[in-house]
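Biologist: I'm new to this one. Can you walk me through it?

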Amino acid sequence: MPLLFTVPCLIVIANWLWPLPLPLWLKLSGAVLIGAGAHFYTWSRLSSGSPFSPEFPRPIVILFNWAFAAIGFLAVFQLMLDLAALVQAVVVWHMPHISTACRSGAGALAALLSALGVINAVRVPPIKDIAVTIPGLPASFDGYRLLQLTDLHISKLFPRTWAQAVVDHANMAGADMIVVTGDFIDGSVAMRQKDCAPLHALHAPDGVFAVPGNHEYFFDYTEWMQHLSALGFQLLLNTHIVIARGDDKLTVAGVTDLSAPQHNQDGPDLAAALRNAPPDAPVILLDHQPRQALSAAKQGVALQLSGHTHGGMIKGLDRLVARGNKGFVSGAYTLGSMTLYVSNGTGLWPGFALRLGVPPEMTRISLRSASVTS
């Protein structure tokens with residue numbers, strides 16, 4: 001087990017569980033259960049060959065996520081108790097002591113926070129409305145509505161019933177176009193075919209468009225692109241489409257994921273995606289990861305829609321996630337004349353399904369013309 005997961009496990013067993021006034025058999029049983037929960041990724045790999053796709057019944061995946069997060073929270077709380085006890089011992093000059101009540105309270109709080117986080121993570125998200133002003137947007141497109149889904153991560157944790165509920169909500173959103181900005185799945189086509197089936201029913205007047213995320217490359221990218229096309233998605237793989245309203249035009253472009261070259265696939269190429277696009281039409285770009293947003297802004301993109309970060313999942317942790325994504329983690333960012341919108345995600349990876357203060361979303365984006373809003 002990687003050191004990152006071993007250390008919290010050992011802290012909880014040695015510093016929290018063992019000092020509790022419990023029978024030895026109960027401590028040993030608790031240590032085994034804590035160790036099992038901390039080994040979630042090992043069990044996932046054994047179940048499917050990949051840590052990204054735990055192939056257990058949904059209640060078991062939920063239980064593992066709860067236990068895994070609770071161990072992490074409890075390790076942090078126990079370290080805080082240890083530090084407080086050490087400071088107190090220095091001040092009053094006696095041996096450090098942590099009461100059983102404090103240990104029990106830390107355990108209860110960790111269990112509660114983990115439960116709330118998992119509940120928030122697995123629910124069907126509400127529709128979030130935002131408005132984005134697009135420079136040069138023709139008046140005929142003022143009020144045009146896109147619905148962004150992203151990071152569905154359809155899996156044992158987000159199965160067919162969840163996917164069907166998302167599709168039902170999306171179809172009732174009244175969007176002119178639906179876009180999916182990657183990470184559809186966790187698992188192979190054979191594993192996920194039934195769970196993905198409801199996506200075939202997604203529909204919007206101007207179509208349903210998508211780009212791949214990094215997780216599509218983990219599970220036979222070519223097979224997934226073929227299957228998603230068969231489900232009715234128009235995949236924008238370094239290419240674009242043009243939406244017309246009379247003589248007015250709007251370009252929607254998409255690029256492949258930054259991780260593609262690591263899997264011997266074509267990487268993102270915005271220049272290729274915009275080749276032969278109408279020169280005066282505003283450009284909306286679908287790019288799973290937000291890290292190249294500054295480059296997109298320099299190339300004249302008006303609006304970039306991304307996901308990938310899951311919004312950071314936990315308030316506070318989002319600052320760390322932002323550092324790994326060029327400062328972009330959640331919500332709208334203004335980059336010159338371009339707006340970048342990073343969705344919190346509709347689902348998230350089943351290996352760490354936790355949300356505290358960072359709700360999931362389906363994002364309904366209303367385009368506004370500068371001339372109308374001014």
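Modeller: Here is a short tour, from the whole chain down to single residue pairs.

Modeller: Keep in mind that this is a predicted model.

Biologist: Fine. How many helices and strands are in the protein chain?

Modeller: The protein chain has 12 helices and 12 strands.

Biologist: What about its radius of gyration?

Modeller: The protein chain has 23 Å. A compact globule with 374 residues would be near 21 Å, so the two agree. Along the principal axes, the C-alpha trace spans about 80 × 50 × 40 Å.

Biologist: How much of the chain counts as buried?

Modeller: Of the 374 residues, 53% count as buried. The chain exposes about 16,100 Å².

Biologist: Let's do sheets. What is the strand order in the open sheet of six?

Modeller: The order is β1-β12-β2-β3-β4-β5, and the pairing is mixed. β1 (127–134) and β5 (234–235) stand at the edges. Each has a single partner strand, so one side of each has no neighbour in the sheet.

Biologist: Remind me, how do strands of a sheet pair?

Modeller: They pair through backbone hydrogen bonds, either parallel or antiparallel.

Biologist: Then which sense does β2 take with β12?

Modeller: Antiparallel. β2 covers residues 145–149 and β12 covers 362–369, and four bridges join them. L146 has I365 as its bridge partner in β12. L147 stands opposite R364 in β12.

Biologist: And how does β2 run with β3?

Modeller: β2 and β3 (residues 177–181) run parallel, joined by four bridges. L146 turns up again here, with M177 as its bridge partner in β3.

Biologist: Is β2 mostly covered or open?

Modeller: Mostly covered. Four of the five residues in β2 are buried.

Biologist: Moving on to β8. Which way do its side chains point?

Modeller: V283 and L285 point one way from β8 (residues 283–286). I284 and L286 point the other way. All four are buried. As a rule, side chains in a regular strand alternate between the two faces of the sheet.

Biologist: Which strands does β8 pair with?

Modeller: β7 (residues 248–254) pairs with β8 in the parallel sense, over four bridges. β9 (residues 303–306) also pairs with β8 in the parallel sense, over three bridges. Look at I284 for both. I284 is the bridge partner of V252, and I284 stands opposite L303 in β9.

Biologist: New topic. How many salt bridges does the structure hold?

Modeller: Eight. One of them joins K128 and E361, with the closest N and O atoms 3.8 Å apart. K128 lies in strand β1, and E361 lies in the loop between β11 (338–342) and β12, so this pair ties together parts that are 233 residues apart in sequence.

Biologist: Are those two buried or exposed?

Modeller: K128 is partly exposed, with a relative accessible area of 34%. E361 is buried, at 2%.

Biologist: Which residue is linked with them in a network?

Modeller: E55. E55, R192 and D195 are linked in a network of salt bridges.

Biologist: And what joins D318 and R319?

Modeller: Their side chains meet in a salt bridge, 3.8 Å from N to O. D318 is buried at 7% relative accessibility. R319 is partly exposed, at 49%.

Biologist: Last stop, the surface. Which residues make the nonpolar patch?

Modeller: L83, L86, V87, V90, V91 and V92 make the patch, which is about 570 Å².

Biologist: Where is V92?

Modeller: V92 is in helix α4 (residues 58–92). V92 is partly exposed, with a relative accessible area of 46%.

Terms used:
Residues numbered from 1 in each chain as written. Predicted model: local features only at pLDDT ≥ 70, side-chain atom pairs only at ≥ 80, totals over all residues. Heavy atoms only, no water. Patch = residues over 30% accessible without salt bridge, like charges linked within 9 Å, V, L, I, M, F, W, Y side chains within 5 Å. Areas by Shrake-Rupley, 256 points an atom, 1.4 Å probe, with all protein chains shown as cover. Salt bridge = Lys/Arg side-chain N within 4 Å of Asp/Glu carboxyl O. Helix = DSSP H or I, 4+ residues; strand = E, 2+ residues; numbered from the N terminus. Buried < 20%, exposed > 50% of the residue type's maximum accessible area, 1.4 Å probe, protein only. Pairing = 2+ DSSP bridges. Rg over C-alpha atoms; globule rule 2.2 N^0.38 Å.
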